[in-house]
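Have a look first, then read on.

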Amino acid sequence: MTTEPLDRRTIHEELEQARAEFHRLLAVASPADLRRGSHGTRWTNGQLLYHMLFGYMIVRALLPLVRTMGRLPGHVSRVYAIALNATRRPFHAVNYLGSCGGALVFRGDRMASKMDRTIEALHRRLDAEGEAALGRGMHFPTDWDPYFRDVMTLAEVYHYGSQHFEHHRRQLTIEAPDR
């Protein structure tokens, strides 16, 4: 399961754009903005901001899995993805509640710091990846996330974090200038 990898420079740029936008959003969000509901989700803006950060934390956790599964026969990750799809209901509940709880722990400067550390770690790891590794992939549980595709390469998993971020950025209801 190998395909043409995404451009590494583009992924680095996406990571930096997300980091800058995250910092901007945290800087302009009032306490009332953070308590306000988001558009199209059950989360408040503060919870959704944490969920956006969490998306990049998940990317970090997925990288070793994709590196390992990408070296195995395709049917191994296919069976794994089928099993994960079967758990979609509990996954969505944990995903929702985890972001509710995470927003209680990570707020303001602490959330910004965690985003910075996570993005820096992704930059370092991306720079260390070999071209062959970036092109290897595995099957994903497509019922878990609209941006998960049946097969995703390691490069596409790096890119996924920014797709997830941008999707949820559009759901925020933070009333900020320059938006």
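Which helix gives the largest share of the lining of the largest pocket? That would be H3, with six residues.

1. Ground rules. This is a predicted model, where local features need pLDDT of at least 70, side-chain atom pairs count only at pLDDT 80 or more, and totals for chains, interfaces and linings use all residues. Residues are numbered from 1 along each chain as its sequence is written, and side-chain values use heavy atoms, without hydrogens and water.

2. The largest pocket. A pocket here is an open set of points on a 1 Å grid over the protein atoms alone, where a 1.4 Å probe fits, with protein on both sides within 12 Å along at least five of seven lines; lining residues have an atom within 4 Å of a point. This one holds about 550 Å³ of space, the volume being the space filled by probe spheres set on the points.

3. Its lining. Of 29 lining residues, Phe91, Asn95, Trp144, Asp145 and Tyr160 lie nearest the centre. H3 (45-69), H4 (74-85), H5 (88-105) and H8 (154-169) each supply at least two residues; helices are DSSP runs (H or I, at least four residues), numbered from the N terminus.

4. The second largest pocket. About 190 Å³ of space lies here. Its lining includes Leu26, Leu34, Cys100, Arg107 and Met111. H5 gives the most, three residues, while H3, H5 and H6 (108-128) each supply at least two.
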